[in-house]
Amino acid sequence: GKGEVLLEGSGIAVIAAGPSANRAVEAALRIKEETGWNPSIYNIRYIKPLDTSLIDEICREHSVVITVEDGTILGGLHGAVAEYVSAVWPSVRVIPVGIPDRYISQGTQQELREECGLTASQIKEVILGEGGR
């Protein structure tokens, strides 16, 4: 049940689950190419049990955590991370990227990722919008 570091960076950490971790790395590499800076990217690998030692390490080094998941924001990775961080690291902000709690129309995987803000380009914009250089 241990997560892994995919890319070491600074300022902002992205905690991703599953295939969304690949899109988060792609977003970070685009940011680094464009700005010279990159966020840290972590693959949490398991939501339950939550790897709290990894989250503690992340929160010691970062002021903003962005969770990225292909599942719903409510009751998933974001909920677990946000609950833990609010109890133990209240000065760290946790920002969700995932499927919103609303009806999602039918479409291809790419169309649905675009609708939910889960493409590498959209993840990049969230990172930059949260204080990325």
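This is a predicted model: local features need pLDDT of at least 70, side-chain atom pairs count only at pLDDT 80 or more; totals for chains, interfaces and linings use all residues.
Residues are numbered from 1 along each chain as its sequence is written, and side-chain values use heavy atoms, with hydrogens and water left out.

Let me begin with the overall fold. The chain has 5 helices and 5 strands, where helices (H or I, at least four residues) and strands (E, at least two) are DSSP runs numbered from the N terminus. Read from that end, the elements follow the order β-β-α-β-α-β-α-β-α-α. The radius of gyration is 14 Å, close to the 14 Å that the globule rule gives for 133 residues, so the chain is as compact as a globular protein of that length; the radius is taken over C-alpha atoms, and the rule is 2.2 Å times the number of residues to the power 0.38.

Now to the interior. Of the 133 residues, 43% count as buried, and buried means under 20% relative accessible area, exposed over 50%, and partly exposed in between, with a 1.4 Å probe and protein chains only. The largest nonpolar core has 20 residues, and Val-14, Ile-66, Val-68 and Ile-127 are those with the most contacts inside it. By such a core I mean a set of buried Ala, Val, Leu, Ile, Met, Phe, Trp, Tyr and Cys residues joined through side-chain atoms within 4.5 Å. Helix H1 (20-35) gives the largest share of this core, 5 residues. Apart from this core lies another, of 16 residues, among them Ile-44, Leu-77, Val-85 and Val-92.

If we look at Val-14 and leave aside neighbours within four places in sequence, its contacts (heavy atoms within 4.5 Å) are Ala-24, Ser-40, Ile-41, Tyr-42, Ile-66, Val-68 and Ile-127.

Finally, which residues does a cis peptide bond join? They are Lys-48 and Pro-49, with omega about -5°, and Pro-49 lies in the loop between E3 and H2. Arg-45 is found in the loop between E3 and H2, with a positive phi near 65°, and at 46% relative accessibility Arg-45 counts as partly exposed. Most residues other than glycine have a negative phi, and most peptide bonds are trans.
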